[in-house]
Every structure is written in structure tokens, then in C-alpha cells.
Amino acid sequence: GSNTLWGGRFSEATDEFVQRFTASVSFDQRMANQDITGSVAHARMLEKAGILSADECKSIIDCLEAIRIDIAEGRMEWSVALEDVHMNIEAELTKRIGPTGKKLHTGRSRNDQVATDIRLYVRDAIDHLTGELTRLQYALVELAEREADTIMPGFTHLQTAQPVTFGHHMLAWYEMLDRDHSRLLDCRKRMNVSPLGSAALAGTTYPIDRHFTAEQLGFDGPSRNSLDSVSDRDFAIELSACGSLIMTHLSRFSEELVLWTSAQFDFIDLPDRFCTGSSIMPQKKNPDVPELIRGKTGRVHGHLISLLTLMKSQPLAYNKDNQEDKEPIFDLLDTLSDCLKAYADMMPAITTRKENMLTAARKGYATATDLADYLVKKGMPFRDAHEVVGKSVAYGIEQKKDLGELSLSELQQFSDSISEDVFDVLTLEGSVAARNHIGGTAPEQVRAAAANCRILLQQR
Ligand code: ARG
């Protein structure tokens, strides 16, 4: 027979393939909780407006709450013939309480209903993600405090550049995540308006109270334009843009962890429980978790492009295209949640191999800039100092010695401005300690920065 929810106009049943092709219940049932929450608020509003009697409202809400529990406990039978989560729940309601159930959809459309559900869903997810980001940021602050004095080579072009402290490096990651956190909050702020009452596209003729439903659902207020709010998916695009940046950051960290755990660097050790072995090579301990996170960046970036492309040609107002927003949104939220969890759990457990980092920093002429700065402080123009140090490095390479290992007389071949005190700046410790200003790598600064981060995190 024809569909019971819109069968009136139809003279034949939906083609079986079309039914399956157009259905979304297999994936949008994930929004069942939000759908019920939205319906409860709508029912209360209908009662307040005198559209439902108190008894009708109560029986609708009680039944919706019973359905909520049945769904949570896996007792709901979802039907593809009923297309999506909204019509499945509405049909179940009517099946259980009879004709009163049919009144729930008064003054509402699936278009404002789905726009509401997905906003509620994304809002919950953002709250979870910001929590995970905070957990990871705390882990990084703790590491920064623990490793404020740990010296490692800092790189540009992946070539040893200048010595930095490991704590300083951790706080660089912290800063990226901090911007990610504020971007998510910003996205949340813009999406937190209620579409309910927009109905299909033009609003509704009933004396509805949009402020009431908005408030019930924790929205900042009703949306300002019905056409816009049933068709807008900007918030999902913003979310995936925020998510893409988070993944880009996690991917960069992952790349570093993969490098640092390799035998060639051997800067850190990941705990065994975050690694896996090889089925053939018994010696292997692979950094699968960071590798997989680096790899999963691709799907999240892909979802951003999917959502942008999905929207780009849609005329106002709602179009069925929008049903395609769910799977990218769900997948990107799952991926972000898993990857942030992995990082927040893993980072507190990493250990540093201080000797190896120190040796690597010593090998790379990392204090060359310090020698140049030393000469400038003795009165030499920087460009001349650059030249002198360049020659000293070339000599060091020839002799297989770092700058700090050259004797005073060897160094003095290149400039007579060099005296005994040069060795204070040629040590790695002296080099990092000298960068003692806001944002610098000196241990003192790292400790101050970490303390500041802690205060900011506690204020969240
Ligand atoms: N399943 C639909 C979606 O995800 C719900 C809204 C359908 N509305 C409509 N008029 N076909 O967008």
C-alpha cells in the first residue's frame, strides 16, 4: 500500500529500490535522543498554545520517554518504509497511543525538525570534543613542566637549527589546540539558535511560541529567518573546518612522534600499550596510533569537501540533498573523538630519551646562531659575524667537532674578537637559557608559560 504518512496524494506505493535509496533511518537513528528531546519541547509548546490539551500533551510526552528508553535498550524496530528517524518515532508514538500521536506534528515539519535535531547533536558533540581537547592540553602542560629543562634540537627544514627545550615544543602544540578549542566554541555560538517553528520553510499559521521551544532546548533564541534556518548547514561546514584543522594539527604531531620513535631519532618512547608489533619482524614496535591518526586526517578533510559541495548549488529552502550531511558529520565527530582520546591518553605516558636529544643537538651546530650573536655583542656587524661562524662550522665539519668542542685557538683563527667567555654561549644550556623572553625557549619561560596555561585551563 501507499505510505501511511503521505499516502493521501499517491496512487501507487514507492518503488522498493527508491524506498531504500531515499531512506536515512539506517544512519539518522543516531539522532533519536535529540529527535525525542525536540518533540517533547514542541509538545509542551503546543499545550501552552492551547493546541494540545494537558492530557494529550502528557500522554505524548510519557510515550516519547518510554520510546526513548526502548531505543536506548535496543528494543525499537526501525522500518526503512518509514524512511527516517523522525517518521519512525512518530509512527511508533501513534501505534502506542492512537490518534493523539497524530497531533504531535501540528505546526512542524521534518525540515525544522531535522534542522533542530542535527544542531542538538552537533552541540552535544562539540561539548564532548572541547572536553577532550582540554584533557589533552592539560597533558601537554604537565609534560612541559616535567621537561622544561630537557634540551632537544629545534628544526627548520627538518635540519637542526637551534636548541630548544622539549617543554617549549610541547607548548607549541598546546597553542594550536588552544586555537582549535576557541574555534569550536565560536562555531557552537553561531549554531545555537532554534529552527523550530520554521516548519517546512515559511513558518506556520498556529499561534506558536518559538521563544519557549528555544529556551526548552537550551538554544540562545529562535532563528531569525525560516527559509534560512531549515536550509542552513553552515554550522556543519564550520564544524568540519574546525575538525579539519584539529586533524591537521594531530597529523603534524603524529608525524613528529613517528619520527621521534624511529631508531634514527630515538628521542622518545611510546608506551607499549599504544604500539603494535609486526607479524614477521620480531624486533618491531610500531607507532600505529599516531600513524593511523595521521591517516585519518584524510577522511575528515574529505568530509569538509563533501559538505561544502553538498551545499554549493542548493536553492532555498530545504532540499533532500541535505540528508547527505549526516554521514560525514557523524564520521567526522567519531574520528575526532577517537583521535583526541588517543592523544589525551597517550601523551602523559610518553618518556623522553634526554641523552639522545642532547647528543643530536650537539651534532647539528645548533649553537651557531649563538656564536654569531656573541660576535655582534663584541661589536661585529651581523652579516660579518654570519660569515665568520659559517667558516667556523665548515672547519668543525672537517674536524668532525661541534663548535663547543673546538679549542679557543682554533676558534680564534676566524676572529680575534673571540675570547674565553665564548664557551658560555656555545653550550646548549647557555643557548636555551639566553632566550629568556615571552615566547622564548628558556626553561624559566617555559615554566612561566605552563603556569599561565594552567590558569587559563582552570578558567574554562
Ligand atoms: N531525512 C531527512 C533529512 O535528513 C529529513 C527531512 C526530510 N524532509 C523532507 N521534506 N523530505 O534531511
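User: Domain bounds here come from an automatic or database domain assignment. With that in mind, how is the protein divided?

Analyst: Happy to walk through it, and please keep in mind that this is a predicted model. The protein is split into domain 1 (7–106), domain 2 (111–358) and domain 3 (363–458).

User: How far apart are the C-alpha centres of domain 1 and domain 3?

Analyst: Those two centres are 70 Å apart.

User: What does UniProt list for residues 8–302?

Analyst: An unreviewed UniProt entry annotates residues 8–302 as "domain: Fumarate lyase N-terminal". In the model, that span is 61% helix and 5% strand, with 41 Å between its end C-alpha atoms.

User: And what about residues 365–433?

Analyst: UniProt, again in an unreviewed entry, has "domain: Argininosuccinate lyase C-terminal" for residues 365–433. Here the model gives 64% helix and 0% strand, and the end C-alpha atoms are 17 Å apart.

User: Let's jump to the ligand. Which residues surround it?

Analyst: Around the ligand are Ser-24, Asp-28, Asp-84, Arg-110, Asn-111, Val-114, Tyr-318, Lys-320, Asn-322 and Gln-323. By type, the shell has four charged, four polar and two nonpolar residues.

User: Which element gives the largest share of that shell?

Analyst: That would be α6, with three residues.

User: Where does the ligand lie relative to the domains?

Analyst: It lies between domain 1 (7–106) and domain 2 (111–358), because both of them give residues to the shell.

User: Nice. Now helix α12: how does its span compare with what its 21 residues should give?

Analyst: The two agree, because at 1.5 Å a residue the 21 residues of α12 (326–346) should span 30 Å, and the end C-alpha atoms are 30 Å apart.

User: Which residues of α12 are buried?

Analyst: The buried ones are Lys-326, Pro-328, Ile-329, Leu-332, Leu-333, Leu-336, Cys-339, Leu-340, Ala-342, Tyr-343 and Met-346. An α-helix has 3.6 residues a turn, so residues three or four places apart point the same way.

User: What do they pack against?

Analyst: The partners of the buried α12 residues are α2 (25–28), α6 (110–146), α10 (234–261) and α11 (288–311).

User: Where does His-157 lie, and is it buried or exposed?

Analyst: His-157 is in the loop between β1 (151–156) and β2 (159–165). It counts as exposed because it has 6 C-beta neighbours inside 10 Å, and the cut-off for exposed is 12 or fewer.

User: And Ala-199, buried or exposed?

Analyst: Ala-199 is buried, because 22 other C-beta atoms are within 10 Å. It belongs to the loop between α7 and α8.

User: What about Ala-202?

Analyst: Ala-202 is also in the loop between α7 (166–191) and α8 (210–216). It counts as exposed, because it has 12 C-beta neighbours inside 10 Å.

User: Where is there a cis peptide bond?

Analyst: One runs from Leu-316 to Ala-317, with omega near 0°. Ala-317 sits in the loop between α11 and α12.

User: Last topic, charged residues in helices. Is Glu-92 buried or exposed, and what does it contact?

Analyst: Glu-92, in α5 (85–97), counts as buried because it has 22 C-beta neighbours inside 10 Å. Leaving aside neighbours within four places in sequence, Glu-92 contacts Ile-67 and Met-76. The C-alpha atoms of Glu-92 and Ile-67 are 7.9 Å apart, although 25 residues separate them in sequence.

User: And Arg-188?

Analyst: Arg-188 is in helix α7 and is buried, because 21 other C-beta atoms are within 10 Å. Not counting residues up to four places away in sequence, Arg-188 touches Arg-123 and Ile-126.

Note on methods. Residues are numbered from 1 along each chain as its sequence is written. This is a predicted model: local features need pLDDT of at least 70, side-chain atom pairs count only at pLDDT 80 or more; totals for chains, interfaces and linings use all residues. Helices (H or I, at least four residues) and strands (E, at least two) are DSSP runs, numbered from the N terminus. The expected span of a helix is 1.5 Å times one less than its number of residues. A residue is buried if 20 or more other C-beta atoms lie within 10 Å of its own, exposed if 12 or fewer, and partly exposed in between; C-beta atoms are placed from the backbone. Two residues are in contact if their C-beta atoms, placed from the backbone, lie within 7 Å. UniProt positions are given in the numbering used here, feature names are shortened, and annotations may be inferred rather than shown by experiment. A residue is near a molecule or strand if its C-beta atom, placed from the backbone, lies within 6 Å of it. Ala, Val, Leu, Ile, Met, Phe, Trp, Tyr, Cys and Pro count as nonpolar, Asp, Glu, Lys and Arg as charged, and the others, Gly among them, as polar.
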